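User: Could you walk me through this one? I'm new to reading structures.

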Amino acid sequence: MLNRNYGDTDFITGLRAIAVMFVFLIHSGGGGLRELGPCGNFIVDCGKLGVQIFFVISGFTIFSQFFREKYTFKKFILVRLSRISLPYYPLLLILFTFNILGGHQFNGWAIQLNNGEIDMWNLLAHITYLSTYNLQWQNTIIGVEWTLGIEV
């Protein structure tokens, strides 16, 4: 078992776990909780708060890295980009390739905004994290990537 100690910021790990559960709940449609009626719907709808929790944690982490750990701006950007890009780029490329090779377009945003077509400009906008700033490219490859440009 991996045992990490982050000192007086250990509580952030718990907040991240809560945020992950919230985001998973909203993206999975509630995983059956909606069938419990208004109470279940309320719990699932609270899943929208997961993104806000991640933004608050990110703000705290940014301040902590600059203040406590004496990060330079360059080091901060490199660490941030590697943490976000390492899982994002492979998934992005797999789904882009799947779509280009004629795979079924399952992304409702791409269908609604681009008739289901994804081109190289769209991919480039995602790789540079600029897709967040253009509605026609936002969320069109994976379907939930709008926050990544803001995080970067």
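Analyst: A contact here means heavy atoms within 4.5 Å. Among contacts in the protein chain between residues at least 6 apart in sequence, 49% join residues at least 24 apart. Please keep in mind that this is a predicted model, in which local features need pLDDT of at least 70, side-chain atom pairs count only at pLDDT 80 or more, and totals for chains, interfaces and linings use all residues. Residues are numbered from 1 along each chain as its sequence is written, and side-chain values use heavy atoms, with hydrogens and water left out.

User: OK, how many helices and strands are there?

Analyst: The protein chain has seven helices and zero strands, where helices (H or I, at least four residues) and strands (E, at least two) are DSSP runs numbered from the N terminus.

User: Which residues of α3 are buried?

Analyst: In α3, they are G50, I57, S58, T61, S64 and Q65, with buried meaning under 20% relative accessible area, exposed over 50% and partly exposed in between (1.4 Å probe, protein chains only). Seen down the axis of α3, these buried residues fall within an arc of 130°, so they line one face of the helix; the arc is that of the directions from the helix axis to the C-beta atoms.

User: And which are exposed on the other side of α3?

Analyst: On that side, V56, F63 and F67 are exposed.

User: What do the buried residues of α3 pack against?

Analyst: They pack against α1 (11–27), α4 (73–100) and α7 (146–151).
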